[in-house]
Amino acid sequence: MRRYFAAGVEGVSKAMNLGNLLRIAHAFEASFFFTVNAHIRLADAQSDTSRAQGQIPYYAFPAIADFRLPTGCELIGVEIAEDAVELPRFRHPLRAAYVFGGERTSLSSEMLARCTHVVKIPTRFSINVGMAGAIVLYDRLITLGGYARPISRLKPSSEVPPRHVWGAPLVRKRALP
């Protein structure tokens, strides 16, 4: 089964954020990029310094009713929501499209209803959509890209270590030959 992923944004209104997210998707080798109900044109996204437009397919859907994904592709909403799974606990599907909300709004209820999964980045408050894209796509790379995470060699112990007591320095005498 071939792995692929896409990234996109719903309701984006700032050209800088659109360009940043597109550039990040391109850097992580997204198969395609999409917008839904965008309030700006991709041509205005000057922050896409990698010139991703023309190098990866781009789909602009005017409304949610027009939004389509390939068969078997799971839609993952990235949103601060009460019932969302925290990103470090999330298992990325092999074929996925990640959708982010615009700057001033969250993902719409219609978009959330289409999502197979909703994940959140465990931060104290909302972050920039480009930064959120970088974090989510990096997490995908690390977990699905064959980068093994180190496993601690320490075994959990039920023993309580002895309490440390301060005292005079220990002096060890060497045995004389």
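Here are a few questions and answers about a predicted model. Residues count from 1 along each chain as its sequence is written, and side-chain values use heavy atoms, leaving out hydrogens and water. Local features need pLDDT of at least 70 and side-chain atom pairs 80 or more, while totals for chains, interfaces and linings use all residues.

User: Is Ile-121 buried or exposed?
Analyst: Ile-121 sits in the loop between β7 (117–120) and α3 (129–144); strands are DSSP runs of E, at least two residues, and helices are H or I, at least four, numbered from the N terminus. Buried means under 20% relative accessible area and exposed over 50%, with partly exposed in between (1.4 Å probe, protein chains only). Ile-121 comes in at 14%, so it's buried.

User: How far apart in space are Ile-121 and Pro-88?
Analyst: In sequence, they're 33 residues apart. Going C-alpha to C-alpha, the distance is 8.0 Å.

User: Which elements do the buried residues of α3 pack against?
Analyst: The buried residues of α3 include Val-129, Ala-132, Val-136 and Leu-137. Together, the buried residues of this helix pack against β1, α1, β4 and β6.

User: Which residue just after α3 takes a positive phi?
Analyst: Look just past the end of α3 for a phi of about 85°. The residue there is Gly-146.

Notes:
Contact means heavy atoms within 4.5 Å.
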